[in-house]
Amino acid sequence: MKFLSTKATCNSHGQDSSYFLGWQEYEKNPYDEVRNPTGIIQMGLAENQLSFDILESWMKDNPDAAGFKRDGESIFRELALFQDYHGLPEFKNALVDFMSEIRGNKVSFDANKLVLTAGATSANETLMFCLANPGEAFLLPTPYYPGFDRDLKWRTGVEIVPIQCSSSNGFEITQSALEEAYQQAHELNLKVKGVLVTNPSNPLGTTLTREELDLLISFVDDKEIHLISDEIYSGTVFDSPGFVSVLEALKDRNLEDSDVWSRVHIVYSLSKDLGLPGFRIGAIYSNDDVVVATATKMSSFGLVSSQTQYLLSAMLSDKEFAINYIAENKKRLQNRHDMLVSGLRNAGISCLNSNAGLFCWVDLRHLLNSNTFEAEMDLWKKILFQVKLNISPGSSCHCTEPGWFRVCFANMSEETLLLSLQRIKAFVASIAPVQSTRSNTHLRPMGHSRRMSLSKWVFRLSSHDYEPER
Ligand SMILES: Cc1ncc(COP(=O)(O)O)c(C=O)c1O
């Protein structure tokens with residue numbers, strides 16, 4: 001160890017978070033309907049596997065795109081040699097059009113202000129390198145995506161100061177929470193360089209309201225700092241209120257010619273909306289020329305491969321495909337969301353009302369033995385090792401209230417989701433809420449004789465508990 005760098009030996013990567021530990025446990029004992037029916041079901045991974053058939057059908061109808069061909073002629077050599085860090089112009093044009101389509105064409109994007117990166121992970125880190133020095137801070141509303149500790153802090157040396165949001169108003173961002181976080185950074189001797197939000201939110205699955213967007217814009221304007229809006233889930237908004245991009249909010253306030261216009265940056269990726277995290281396609285969109293130029297130079301460290309750009313430029317420039325995909329994908333997400341929410345409700349569990357994303361923010365406070373993060377960890381372990389579901393505890397998302405969990409619904413088959421709901425229901429029925437942290441009228445304590453054995457939680461599968469909500 002002593003021969004290695006501080007970066008290599010420090011643990012600020014965040015790999016020891018329960019968010020990642022849950023993945024490791026899943027890998028050791030993954031559920032499989034046939035080979036391992038008592039294994040752990042992965043509900044801690046925000047993957048979108050619901051619309052692969054649409055992508056596959058398009059590829060079948062367009063074999064040239066994946067076959068490295070243009071008008072029937074091979075372009076293999078051209079793609080193998082191409083490596084300009086500005087990216088393929090036709091891909092950037094197709095991507096900005098797709099981004100506009102997702103926003104109902106209320107805003108348009110200029111391909112010259114777009115920088116391609118290897119996923120949103122790289123986009124967020126690159127923006128940190130462009131906007132802040134080591135030891136400077138970004139403010140993030142809680143709860144937030146656990147990967148941000150790695151992406152924003154680890155290699156850049158930037159600090160995160162939480163904006164404390166609470167369940168009392170559905171975790172909305174308020175003026176006082178923003179001011180308190182700013183003040184806290186000041187007390188820690190940290191210079192604040194900006195605010196980073198995810199819209200729609202991971203892990204809440206909610207979109208920012210117009211009021212929150214206006215509040216954020218006024219705040220960064222007033223403090224003369226940056227605003228990053230990570231809009232990686234923008235195409236997953238399946239219910240009202242619809243998605244409002246920060247660009248739309250700026251435009252509606254006629255701020256295109258103001259200083260704040262060039263201090264607002266958007267992060268995007270096709271990992272969620274198209275379900276392609278393995279392809280590593282991300283982007284930064286900025287109105288600041290220097291940020292665009294610097295990020296473009298930095299993108300050398302994480303480019304999107306040219307054959308991926310080629311394939312996706314053909315796919316996304318097929319307008320009919322893009323429009324149909326967006327609509328159908330949302331429908332499928334809504335169905336899944338409703339299935340999870342109603343199945344949980346059947347088990348006496350409620351969720352934060354949500355309209356987007358690949359997960360729900362689930363309230364298990366009534367199942368805690370005490371109102372503490374230790375109790376949250378105990379419950380998480382029980383659910384992971386006994387019920388065999390990997391869900392993500394709120395503490396891994398820096399939530400300030402124990403008992404909230406993020407539960408993903410789009411990375412598995414419908415049958416697997418039903419099974420997970422059966423397991424949860426049987427688990428809840430088997431435990432008497434010893435010390436409920438709040439009253440929950442849905443839950444009735446049960447006698448020991450009615451407790452189910454573990455095998456019953458793990459094996460039973462029927463669709464009785466699922467009534468689609470309309
Ligand atoms: C809010 C948010 N930002 C960024 C990422 C990273 O995405 P990518 O796979 O494009 O690197 C994720 C992934 O879960 C995310 O939820």
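A polar contact is a pair of N or O atoms within 3.5 Å; within protein, one atom must be able to donate a hydrogen and the other to accept it, and residues adjacent in sequence count only if both atoms are side-chain atoms. The model is predicted: local features need pLDDT of at least 70 and side-chain atom pairs count only at pLDDT 80 or more, while totals for chains, interfaces and linings use all residues. Residues are numbered from 1 along each chain as its sequence is written, and side-chain values use heavy atoms, with hydrogens and water left out.

**View 1. Polar side chains at the ligand.** In the side chain of Y233, an N or O atom is 2.8 Å from an oxygen atom of the ligand. The side chain of S271 also has an N or O atom 2.8 Å from a ligand oxygen. For S269, a polar side-chain atom lies 2.7 Å from an oxygen atom of the ligand.

**View 2. The interface of domain 1 and domain 2.** Contact (heavy atoms within 4.5 Å) involves 32 residues of domain 1 and 33 residues of domain 2. The two domains bury about 2,900 Å² between them, 59% of it on carbon and sulfur atoms. Buried area is the accessible area (1.4 Å probe) that two parts lose on being put together, summed over both. H13, N355 and H398 supply 22% of the area that domain 1 buries against domain 2, more than any other three residues. Across this interface, 16 residue pairs are in polar contact, both residues at pLDDT 80 or more.

View 3. Four elements each supply at least two residues to the side that touches domain 2: α2 (18-28), α14 (319-346), β12 (359-363) and β15 (404-408). Helices (H or I, at least four residues) and strands (E, at least two) are DSSP runs numbered from the N terminus. α14 gives the most, with five residues.

View 4. Most residues other than glycine have a negative phi, and most peptide bonds are trans. The peptide bond from N202 to P203 is cis, with omega near 25 degrees; P203 is in the loop between β7 (192-198) and α10 (210-223). S240 and P241 are also joined by a cis peptide bond, with omega about 0 degrees, and P241 lies in the loop between β8 (226-230) and α11 (246-252). E224, in the loop between α10 and β8, has a positive phi near 55 degrees.
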